[in-house]
Amino acid sequence: KTAPTSAGVIQAINNGRLTWEMVPTEMLNVPEVLSTLVETMPVMATIRQLNRLTDTGALDVGFTLPNVISKLTDADEVQASGIHPIFVLSAIKTYGAGKGDKGNKTWIPNQRILDALQKTFELAFSSLNQEPIQGVKTLIAVDVSASMRSPASGSNMLCTEASDALCLTNLKQIDDSE
């Protein structure tokens, strides 16, 4: 609040390691401010803000795009985040659509971000920290009836998409080395 200019906010972010929530709302549409925030923003927060980063042009400022891609494709950072593959799949669908489910904001998706999100999706399976299923026969069955084409409750995915992702999650846990 005491730094009314974007330069002052950027200095405050750098000096105080401020997070997204600490920055005045009106400054969250300034590309240089967003670029500065990306440097220390966790993976999940970065994914949640991809639409804003794209819409405001912040991805075109300095090293923002390479920083975002690096963050989304860093195996250690993704695993440490504990992000779930379903969250990433939902982000891929929303970001790729160029518009959110709520509000009227639109953006032109960046293909390099979409490619990085695909990698994040793959890496997210390791963040589940589940023990592999060993020594038991496993059957994974999916309902393919017409009702599965309806929206999944509380999600931007169809039931078929959500069930496919959950199947993949389970398949990744089966140790077939035996």
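Two notes before we start. The model is predicted, so local features need pLDDT of at least 70 and side-chain atom pairs count only at pLDDT 80 or more, while totals for chains, interfaces and linings use all residues. Residues are numbered from 1 along each chain as its sequence is written, and side-chain values use heavy atoms, with hydrogens and water left out.

Start with the whole chain. What elements does the chain have, helices or strands? It has 9 helices and 0 strands. Helices here are DSSP runs of H or I with at least four residues, strands are runs of E with at least two, and both are numbered from the N terminus. The C-alpha trace spans about 60 × 35 × 25 Å along its principal axes. The chain has 178 residues, and 39% of them count as buried. Buried means under 20% relative accessible area, exposed means over 50%, and partly exposed lies in between, with a 1.4 Å probe and protein chains only.

Next, contacts. A contact means heavy atoms within 4.5 Å. Take the contacts with a separation of 6 or more: 64% of them join residues 24 or more positions apart.

Now the inside. A nonpolar core is a set of buried Ala, Val, Leu, Ile, Met, Phe, Trp, Tyr and Cys residues joined through side-chain atoms within 4.5 Å. The largest one has 42 residues, and Val-33 and Ile-113 have the most contacts inside it. Helices that each supply at least two residues of this core include α1 (6–16), α2 (31–38), α5 (64–72) and α8 (111–124). Which helix gives the largest share? That is α8, with 7 residues. Look at Val-33. Leaving out residues up to four places away in sequence, Val-33 touches Ser-6, Val-9, Ile-10, Ile-13, Val-23 and Met-27.

On to helix pairs. Axes are lines fitted to C-alpha atoms, for helices over the stretch in contact, and angles run from 0 to 180 degrees between N-to-C directions. First pair: α5 and α8. Their axes are 8 Å apart, at an angle of about 20 degrees. That makes α5 roughly parallel to α8. The cut-offs: under 35 degrees is roughly parallel, over 145 roughly antiparallel, 65 to 115 roughly perpendicular, and the rest oblique. On the α5 side, Leu-65, Val-68, Ile-69 and Leu-72 make the contact. They meet α8 residues including Ile-113, Ala-116 and Leu-117.

Stay in α5 for a moment. Ser-70 sits in this helix. Ser-70 is partly exposed, with a relative accessible area of 42%.

From α7, the contact uses Pro-85, Ile-86, Leu-89 and Lys-93. From α9, it uses Glu-161, Ala-162, Ala-165, Leu-166 and Thr-169.

A closer look at α9. It covers residues 159–172, which is 14 residues. Its buried residues pack against α7 (85–97). Among those buried residues are Cys-159, Ala-162, Ala-165 and Cys-167.

Last stop, a loop. Gln-49 lies between α3 and α4. Is Gln-49 buried or exposed? Gln-49 counts as buried, at 14% relative accessibility. Leaving aside neighbours within four places in sequence, Gln-49 is in contact with Trp-20 and Met-41.

Note on methods:
Expected span 1.5 Å × (residues − 1).
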